[in-house]
Amino acid sequence: MSISCEKLEGSMALLTITVPADEFGKALTAAYNKEKGKFQVPGFRKGHVPMTMIEKMYGPAVFYEDAANDLINKHYPEEIENVSIEITSRPEIDITQIEKGKDFIFTAKVATKPPVKLGEYKGIEIEKVEVNVTDEDVDAEIEKARKENSRKVDVTDRAAKEGDEALINYEGFVDGTPFDGGKGEEYSLKLGSHSFIDTFEDQIVGKNVGDKFDVEVTFPTEYHAEDLAGKPATFKVELLGLKEEILPTLDDEFASEVSEFETLAEYREDTKKILQVKKEDAAKKERESKCLEKLIETSEIELPEPMVMYQQEKMLEDFEMQLRYQGLSIDQYFAITKQTREDMLAQVKPEAEKRIKTSLIVEEVAKAEKIEATDEEVDERLKEMAEQYQLDVEKFKELAGDKETEAIKMDIAMEKAIHFIADNAKEA
């Protein structure tokens, strides 16, 4: 077994992997044993046709594809551990020699980590990020707490108004004909939420429980159902019930119920302190983000296209996983949004390039400043992760292994490098 590496232009490399002839022969035999049950030849029981007979009838290459795939899947990940380059893309495989009795040779064209010419990363000038908690901020935060602790009561003595929760039956018609998905029973709708099309909710305002009425609307021209897009529709609606949200009184009693404080004044002061910490954290992140954007502008990196595509595909895979958690497949999403996989890949390309450049630049700064993670920092991070997964820390270390631990070390070093860049920036 051997591998050679030829460096190409544009941070690409060509790996040539040679598998000895005897191993290729064994792979052919394994492919035959796996597939022999599919062949029927007069005079032989199914599954007992000799390999030589099958090769004579179907050609000597009949088992080449299966044997080649098995050898590539086995040896590519093994052999790339023996080269000094850092591979940053999926391989583009090409078979250069495949013949019974000879070595099996294939190549893998891959992207490698490109060189980085760092811009000046000390003293980057950025706009000052202001941190100021206003009375309005505090009021808004406390109002959220009031809404979280609100109660809903039935409304029987007045007409519906914005902010009410209406319980309705409805059925939609276009040109006098009901349409798919246009009917609902005992549906709860917050008036003013604008979750229904056009002026649907507005036309419920002023109606009383028990009323039956028509709601006239027009579907948006960009509506996901093409047969309804831009068309006027009539909904037959029945208002079954109304509920009003009652907020608790803003006083000392409320403060004592939602916090550890006895007075509203103390609760407000604590809320202000919490918001101050949150805003300072957000400002720190914004400061770091601005520094990195400036550093990307002043640094020189030429990204190989396969490296970018690899990042694009990873981003799409992450998005697909998020959809699955929501009970939606990527194909369903494409159908709803009228997009294709190629559309989404093109959309995420700028962000993919930004992520790669950011990572490469920060890593280069860490190297230049000899920024590394300490053993104590790594142990603390492992402890935090073990707690997150509700595992004993030693058990978690065992499961994580050396590769994961090295990745954690790199993550910590990168975080410290980002802090270093931001700490050395100048605010205009």
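Does A233 count as buried or exposed, and at what relative accessibility? At 2% relative accessibility, A233 counts as buried, where buried means under 20% relative accessible area, exposed over 50% and partly exposed in between, with a 1.4 Å probe and protein chains only. The views below come from a predicted model, in which local features need pLDDT of at least 70, side-chain atom pairs count only at pLDDT 80 or more, and totals for chains, interfaces and linings use all residues. Residues are numbered from 1 along each chain as its sequence is written, and side-chain values use heavy atoms, with hydrogens and water left out.

**View 1. The whole protein.** The protein has 11 helices and 11 strands; these are DSSP runs numbered from the N terminus, with helices being H or I of at least four residues and strands E of at least two. Its C-alpha trace spans about 90 × 65 × 45 Å along the principal axes. The radius of gyration is 32 Å, whereas a compact globule of 428 residues would have one near 22 Å; the radius is taken over C-alpha atoms, and the globule rule is 2.2 Å times the number of residues to the power 0.38. Of the 428 residues, 34% count as buried. The accessible surface comes to about 26,300 Å², and 47% of this belongs to carbon and sulfur atoms; areas come from the Shrake-Rupley method with a 1.4 Å probe, and for residues only the protein chains shown count as cover. Among contacts (heavy atoms within 4.5 Å) between residues at least 6 apart in sequence, 67% join residues at least 24 apart.

**View 2. A233 in strand 10.** A233 is part of strand 10, residues 232-246. Leaving aside residues up to four places away in sequence, A233 touches F173, V174, V215, E216, V217 and F219. Q203 is 30 residues from A233 in sequence, and their C-alpha atoms are 14 Å apart.

**View 3. Helix 9 against helix 11.** Helix 9 (residues 341-368) packs on helix 11 (residues 393-423) at an angle of about 85°, and the axes are 9 Å apart. Helix 9 is therefore roughly perpendicular to helix 11; angles under 35 degrees count as roughly parallel, over 145 as roughly antiparallel, 65 to 115 as roughly perpendicular and the rest as oblique. Axes are lines fitted to C-alpha atoms, for helices over the stretch in contact, and angles run from 0 to 180 degrees between N-to-C directions. On the helix 9 side, S359, V362, E363, V365 and A366 meet M410, A413, M414, A417, I418, F420 and I421 of helix 11. The residues of this contact divide into 10 nonpolar, 1 polar and 1 charged. Ala, Val, Leu, Ile, Met, Phe, Trp, Tyr, Cys and Pro count as nonpolar, Asp, Glu, Lys and Arg as charged, and the others, Gly among them, as polar.

**View 4. Two loop residues with positive phi.** Most residues other than glycine have a negative phi. S11, in the loop between strand 1 (2-8) and strand 2 (12-19), has a positive phi of about 60° although it is not a glycine. S11 is buried, at 14% relative accessible area, and its contacts beyond four places in sequence are V110, A111, T112, P114, P115, E302 and P304. K370, in the loop between helix 9 and helix 10 (375-388), has a positive phi of about 55°. K370 is exposed, with a relative accessible area of 70%.

**View 5. D331 in helix 8.** D331 lies in helix 8, residues 330-337, and is exposed at 57% relative accessible area. D331 and A413 are 82 residues apart in sequence, with 39 Å between their C-alpha atoms.
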